[in-house]
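Visitor: I would like to learn how to read strand pairing, salt bridges and pockets from a set of coordinates. Could you take me through them slowly, beginning with the strands?

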Amino acid sequence: MKAIVLVWALLAAAPREYTGPVPPKPDLPYLVHADNLIETEADEARQQKRGRDEVYTVAGATSKARTPLAEPIFLLRSEKIAPDSLELYRQEVRAGNREVVFPENRKRAPRPLRLVWTRVADKLYRIEVSENLGLENGEYLLTPRGSNQAFCFTVY
């Protein structure tokens, strides 16, 4: 009897193989919509000084990658970008472009929104927004810490 219980416990504890969709391109976060994957808009944020502020700008007023989900989920097939290095920021639309402003006064600087990542298979990660009330409608970007790479999307 103890052997049967032990076998069941081992089977229950064994990792399940991931059977969902897999991103075709590495190091590009994809929005998950059921079994469909939507590429985030990959771009390089232009960094510039505006007075004493650092401004990171992405061209265009809105992203082509769109989700109706206030708590979006992403899949990332990681080769160079570590999932724990990604930060999420809300962008403001100004003069037809999307931007994030980091004032010289660090107390007023935007804080990255919370993300939780889980390894689901070898080099495949599920990344979830972990904000209590979800994201408001608007423009957002994921960026690896210390990089100008921008993976943009819109919540509508």
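Guide: Two strands are said to pair if DSSP finds at least two bridges between them, and the elements themselves are DSSP runs numbered from the N terminus, helices being H or I with at least four residues and strands being E with at least two. Here strand E8 (residues 86–94) and E9 run antiparallel and are joined by 3 bridges. This is a predicted model, in which local features need pLDDT of at least 70 and side-chain atom pairs count only at pLDDT 80 or more, while totals for chains, interfaces and linings use all residues. Residues are numbered from 1 along each chain as its sequence is written, and side-chain values use heavy atoms, with hydrogens and water left out.

Visitor: Which residue stands opposite Val93 in E9, and which residue in the hairpin of E8 and E9 takes a positive phi?

Guide: Val93 faces Arg98, and the hairpin, with 2 residues between its strands, has Ala95 at a positive phi near 55°. Strand E9 (residues 97–102) also pairs with strand E5 (residues 53–59), in the antiparallel sense and over 6 bridges, and within that pairing Tyr56 has Val100 as its bridge partner. As a general idea to keep in mind, side chains in a regular strand alternate between the two faces of the sheet.

Visitor: How should I read the salt bridges, and how many are counted by this rule?

Guide: Side chains of opposite charge can pair when their charged atoms come close. The rule used here asks for a side-chain nitrogen of Lys or Arg within 4 Å of a carboxyl oxygen of Asp or Glu, and the count by this rule comes to 11 salt bridges. One of them joins Arg145 and Glu87, at 3.2 Å from N to O. This pair links distant parts of the chain, 58 residues apart, with Arg145 in the loop between strand E12 (138–144) and strand E13 (149–155) and Glu87 in strand E8.

Visitor: Are Arg145 and Glu87 buried or exposed?

Guide: The classes are buried for under 20% relative accessible area, exposed for over 50%, and partly exposed in between, computed with a 1.4 Å probe on protein chains only. Arg145 therefore counts as exposed at 51%, whereas Glu87 is buried at 15%. A further salt bridge is formed by Arg90 and Glu136, at 3.1 Å from N to O, where Arg90 is partly exposed at 32% and Glu136 is exposed at 57%.

Visitor: What do salt bridges that share partners join into one network?

Guide: Arg50, Arg94 and Glu99 are joined in this way.

Visitor: Finally, how is a pocket defined, and what is the volume of the largest pocket?

Guide: On a 1 Å grid over the protein atoms alone, a pocket is an open set of points where a 1.4 Å probe fits, with protein on both sides within 12 Å along at least five of seven lines, and its lining residues have an atom within 4 Å of a point. Grid points are joined across faces, edges and corners, and the volume is the space filled by probe spheres set on the points. The largest pocket has a volume of about 280 Å³, and among its 13 lining residues Glu54, Phe102, Pro103, Arg106 and Ala109 lie nearest its centre.

Visitor: What about the second largest pocket?

Guide: The second largest pocket has a volume of about 200 Å³ and is lined by 15 residues, with Tyr56, Tyr89, Phe102, Thr143 and Ser147 nearest its centre. E12 gives the most to this lining, with 3 residues.
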